[in-house]
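Q: I have a sequence and a structure to look at together. Please show me how to read the features, step by step.

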Amino acid sequence: MVDAFCATWKLVDSQNFDDYMKQLGESLIRRYFPNECAFLRCFLLTGVGFATRQAGNVTKPTVVISQQGDKLVVKTLSTFKNTEIVAKLGEEFDETTADERNVKSTFSMEGANLVHVQKWDGKETKFVREIKDGKLVMTLTFEGVVAVRTYEKA
């Protein structure tokens, strides 16, 4: 069932991704600076996370999904950063994300959807990839914030 996702995909639309990244950043700041005043936390969010968010918002990544034997390979290529994940469906693995979080991740198939869950410090984010009208639609969810990124075959 992963075969439907195996292709090279280029980002063509992104909805609410900045808010999603802000929520991830706020979560990290609350963890590392739990007792700081609101002003300092706001400064940290705009100073530390701003550049990463801006790069994430203007970059149009290419995602290459393939299989190597019984492993799923997801490469994300952009001018900002390249990442590669190689893992078996249903098996937890260590992942360092593009924003440098160290997480425990799992890929699974839920019906026709390819699901990627990342867990760290009691937090969880979920990416649900589905094929709609020949496009790859990825829905990202974290602490109630939902972003949708749409890709077309390159």
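A: The 10 strands form an open sheet with antiparallel pairing, in the order 4-3-2-1-10-9-8-7-6-5. The edge strands, strand 4 and strand 5 (93-96), each pair on one side only. Neighbouring strands of this sheet are turned by 25° against each other on average, direction ignored; the axes behind such angles are lines fitted to C-alpha atoms, and angles run from 0 to 180 degrees between N-to-C directions. This is a predicted model, in which local features need pLDDT of at least 70, side-chain atom pairs count only at pLDDT 80 or more, and totals for chains, interfaces and linings use all residues. Residues are numbered from 1 along each chain as its sequence is written, and side-chain values use heavy atoms, with hydrogens and water left out.

Q: Which pattern does the chain follow along the sequence?
A: Helices (H or I, at least four residues) and strands (E, at least two) are DSSP runs, numbered from the N terminus. Here there are two helices and 10 strands, and the pattern is β-α-α-β-β-β-β-β-β-β-β-β.

Q: How many bridges join strand 1 to strand 2?
A: Strands of a sheet pair through backbone hydrogen bonds, either parallel or antiparallel. Two strands count as paired if DSSP finds at least two bridges between them. Strand 1 (residues 7-15) and strand 2 (residues 62-68) run antiparallel and are joined by four bridges; Thr8 has Val64 as its bridge partner in strand 2.

Q: What comes between strand 2 and strand 3 in their hairpin?
A: Two residues separate the strands of this hairpin, and Gly69 takes a positive phi near 65° there. The two strands pair over seven bridges in the antiparallel sense, with Thr62 opposite Leu77 in strand 3.

Q: Where does Ser78 lie?
A: Ser78 is in the loop between strand 3 (71-77) and strand 4 (83-88). A polar atom of the Ser78 side chain lies 2.9 Å from the backbone oxygen of Lys81. Not counting residues up to four places away in sequence, Ser78 touches Thr59 and Pro61, where contact means heavy atoms within 4.5 Å.

Q: Which residue is the bridge partner of Val128 in strand 9?
A: The partner is Thr139. Strand 8 (residues 123-132) and strand 9 (residues 135-142) run antiparallel, with eight bridges joining them.

Q: What share of the chain is made up of buried residues?
A: Buried means under 20% relative accessible area, found with a 1.4 Å probe and protein chains only. Buried residues make up 36% of the 154 residues in the chain.

Notes. Buried means under 20% relative accessible area, exposed over 50%, partly exposed in between (1.4 Å probe, protein chains only). A polar contact is a pair of N or O atoms within 3.5 Å; within protein, one must be able to donate a hydrogen and the other to accept it, and residues adjacent in sequence count only if both atoms are side-chain atoms.
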